[in-house]
Amino acid sequence: MLRSMRSRHHRTLFVDEVNGGHRRSRPPAGRLALWVGASLLLVGVSAGASQPAPSVPVVVKALAPPIERKLDRAFELAIGRVRESPACGALFSELGRDGTIVLLNSRYYPAGLINEQKVCRRASAYTGVGSPAVRLCRSFGRLSVDRAAAVVIHEALHFAGLPEWPADPQAMTSAGINQLVESSCGL
Ligand SMILES: [Zn+2]
């Protein structure tokens, strides 16, 4: 019962999020396909199916081509690991969330010019705890696909509620989260 209630909640959240976002230069059919994909996914989760529909990231504001290309490949890899690796999926379930749903609800933006000179000097992406908005730095486009997938999962964990030191003195450092993601997800 609890599981089905959570599924309904996630479905509602997901539809709201998608309706509020934009799908870069894709036809309306693309958005429909995404929604159908999510529905199939939810059915798949409850039925234990092993081949859910493929998924693409929600890009709200246009990314530079190298960043977008890297995100597409990294997102696909990240979703695959979260779905297929129990240890990787557990990073999210320990926070009470479904990693696939969290990733599908993440929204990607380019880092602004000012933050390229600030936050991006020590990070390739950033977000706020509990926020779906992930800002991607230019350096993200130069990462290996594995590394970029680890970054995608790291930021999604923040969306799922994972805090980070030093904002939370009890939390893991950014490097500690990276190590956890890499070891749990085989990246
Ligand atoms: Zn972080």
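Reader: Which residues in helix 4 meet residues in helix 8?
Author: Ala-87, Cys-88 and Leu-91 of helix 4 meet Val-181, Ser-184 and Cys-185 of helix 8, where contact requires C-beta atoms, placed from the backbone, within 7 Å. Helices (H or I, at least four residues) and strands (E, at least two) are DSSP runs numbered from the N terminus. This is a predicted model, in which local features need pLDDT of at least 70 and side-chain atom pairs 80 or more, while totals for chains, interfaces and linings use all residues. Residues are numbered from 1 along each chain as its sequence is written.

Reader: Why are helix 4 and helix 8 called oblique to each other?
Author: Their axes, lines fitted to C-alpha atoms over the stretch in contact, lie 7 Å apart at an angle of about 135°. On a scale of 0 to 180 degrees between N-to-C directions, under 35 is roughly parallel, over 145 roughly antiparallel, 65 to 115 roughly perpendicular and the rest oblique, so helix 4 and helix 8 are oblique.

Reader: What makes strand 1 and strand 3 edge strands?
Author: Strand 1 and strand 3 each pair on one side only, pairing being at least two DSSP bridges between two strands, in an open, mixed sheet of four strands ordered 1-2-4-3.

Reader: How do you know that strand 2 and strand 4 pair?
Author: Strand 2 (residues 107-110) and strand 4 share four bridges in the parallel sense, and Tyr-109 has Arg-135 in strand 4 as its bridge partner.

Reader: Which residues is Ala-156 in contact with, leaving aside neighbours within four places in sequence?
Author: With those neighbours left aside, Ala-156 is in contact with Gly-99, Val-102, Leu-103 and Ser-106.

Terms used:
Contact = placed C-beta atoms within 7 Å.
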